[in-house]
Amino acid sequence: MKKIEAVIKPFKLDEVREALSEMGITGLTVTEVKGFGRQKGHTELYRGAEYVVDFLPKVKIEVVVTSENVEAAIDAIVKAARTGKIGDGKIFVMPVEQVVRIRTGETNEAAV
């Protein structure tokens, strides 16, 4: 099993959720985050004064999938989240050693 963390633009969340749902992924965790990469923030005007926005709003999606579904899930996220502009985000994939469903005690693939 693998854990996929994707940091994307907030307005792409619904499209990514739908793409993952279409491939049978039913559970995911979403967190509102702030950060920057190569974008390094941007400058905005507010009441005539310029100020720098260092951290940009993003959304982090976390989902655990079986090893067989990793590439399909990554492809679905990339296709749904891509705008072609800087700041589209990143995807991180990590191994998951064990999963336990608290309510039933199911473990690993049965718990995903």
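A salt bridge is a side-chain nitrogen of Lys or Arg within 4 Å of a carboxyl oxygen of Asp or Glu. By this criterion, Glu62 forms a salt bridge with Lys3, with 2.8 Å between the closest N and O atoms. The structure is a predicted model, in which local features need pLDDT of at least 70 and side-chain atom pairs count only at pLDDT 80 or more, while totals for chains, interfaces and linings use all residues. Residues are numbered from 1 along each chain as its sequence is written, and side-chain values use heavy atoms, with hydrogens and water left out.

The fold was described first by its sheet. Helices (H or I, at least four residues) and strands (E, at least two) are DSSP runs, numbered from the N terminus. Two strands pair if DSSP finds at least two bridges between them. Four strands form an open sheet in the order β2-β5-β1-β6, with antiparallel pairing. Its edges are β2 (29-35) and β6 (89-95), each of which pairs on one side only. Neighbouring strands are turned against each other by 20 degrees on average, direction ignored. Axes are lines fitted to C-alpha atoms, for helices over the stretch in contact, and angles run from 0 to 180 degrees between N-to-C directions. Seven bridges join β1 (residues 2-8) to β6 in the antiparallel sense. Within β6, Val93 is the bridge partner of Ile4.

Two helices meet this sheet. Contact here means heavy atoms within 4.5 Å. Helix α1 (residues 13-22) lies across β1, β2 and β5 (56-65), and runs at about 10 degrees to β5. Helix α2 (residues 70-81) packs on the sheet and touches β1, β5 and β6. The direction of α2 makes about 5 degrees with that of β1.

A nonpolar core is a set of buried Ala, Val, Leu, Ile, Met, Phe, Trp, Tyr and Cys residues joined through side-chain atoms within 4.5 Å. Buried means under 20% relative accessible area, exposed over 50%, and partly exposed in between (1.4 Å probe, protein chains only). The largest such core has 18 residues. Ile4, Ile8, Val16, Leu20 and Val65 have the most contacts inside it. At least two core residues come from each of β1, α1, β5 and α2. Helix α2 gives the most, with seven residues. Leu20 is in contact with Ile25, Leu28, Ala73, Ala76 and Ile77, leaving aside neighbours within four places in sequence.

Charged pairs were examined next. The whole structure holds five salt bridges. Glu62 counts as buried, at 17% relative accessibility. Lys3 is partly exposed, at 25%. A network of salt bridges links Lys3, Glu5 and Glu62.

Two further salt bridges were examined. Lys12 and Glu15 meet through their side chains at 3.2 Å, N to O. Lys12 is buried, at 10% relative accessibility, whereas Glu15 is partly exposed, at 39%. Arg101 pairs with Glu106, the closest N and O atoms being 2.9 Å apart. Arg101 is partly exposed, at 27%, and Glu106 is partly exposed, at 31%.
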